[in-house]
Amino acid sequence: PLPGALDRLIAAVEAELGGRVPTLSREDKQRAVRLLVERGACILRRAVEDGADAMGGSRSTVYNYLNAIHR
């Protein structure tokens with residue numbers, strides 16, 4: 001994948017949601033994950049791990065958000 005692609009996607013989502021991902025509410029973090037999925041972030045290598053780091057959370061939290069999207 002392109003170097004920094006996930007970082008750019010996260011930055012775009014942060015701009016759209018009006019704040020850094022770690023400071024967002026749970027609902028907005030879920031929205032951020034949904035936007036990242038819609039924009040293809042999941043095809044990037046280490047997307048879940050790097051996304052969890054960007055959110056200040058764990059991989060299991062990201063997987064929970066991903067599962068909520070598919071319900």
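At roughly what angle do the axes of helix α3 and α4 cross? The axes of α3 (residues 47-55) and α4 cross at roughly 105 degrees and come within 8 Å. This is a predicted model: local features need pLDDT of at least 70, side-chain atom pairs count only at pLDDT 80 or more, and totals for chains, interfaces and linings use all residues. Residues are numbered from 1 along each chain as its sequence is written, and side-chain values use heavy atoms, leaving out hydrogens and water.

**Helix α3 against α4**
- Contact (heavy atoms within 4.5 Å) involves Val-48, Glu-49, Gly-51, Ala-52 and Met-55 of α3.
- On α4, the contact residues are Arg-59, Val-62, Tyr-63, Tyr-65 and Leu-66.
- The residues of this α3 and α4 contact divide into 7 nonpolar, 1 polar and 2 charged.

**Helix α2 against α4**
- The axes of α2 (residues 26-38) and α4 (residues 59-69) come within 9 Å and cross at roughly 75 degrees.
- Helices α2 and α4 are therefore roughly perpendicular to each other.
- Arg-26, Lys-29, Gln-30, Val-33, Arg-34 and Val-37 of α2 meet Tyr-65, Leu-66 and Ile-69 of α4.
- The residues of this α2 and α4 contact comprise 5 nonpolar, 1 polar and 3 charged.

**Lys-29**
- Lys-29 lies in helix α2.
- Lys-29 is buried (under 20% relative accessible area, 1.4 Å probe, protein chains only).
- Lys-29 has no salt bridge (a side-chain nitrogen of Lys or Arg within 4 Å of a carboxyl oxygen of Asp or Glu).
- The nearest side chain of opposite charge to Lys-29 is Glu-14, 10 Å away.
- Not counting residues up to four places away in sequence, Lys-29 touches Val-21, Pro-22, Leu-24, Met-55 and Tyr-65.

Note on methods:
Axes fitted to C-alpha atoms, helices over the stretch in contact; angles between N-to-C directions. Helix = DSSP H or I, 4+ residues; strand = E, 2+ residues; numbered from the N terminus. Parallel < 35°, antiparallel > 145°, perpendicular 65-115°, else oblique. Nonpolar A, V, L, I, M, F, W, Y, C, P; charged D, E, K, R; others polar. Buried < 20%, exposed > 50% of the residue type's maximum accessible area, 1.4 Å probe, protein only. Lys, Arg positive; Asp, Glu negative; His and termini not counted.
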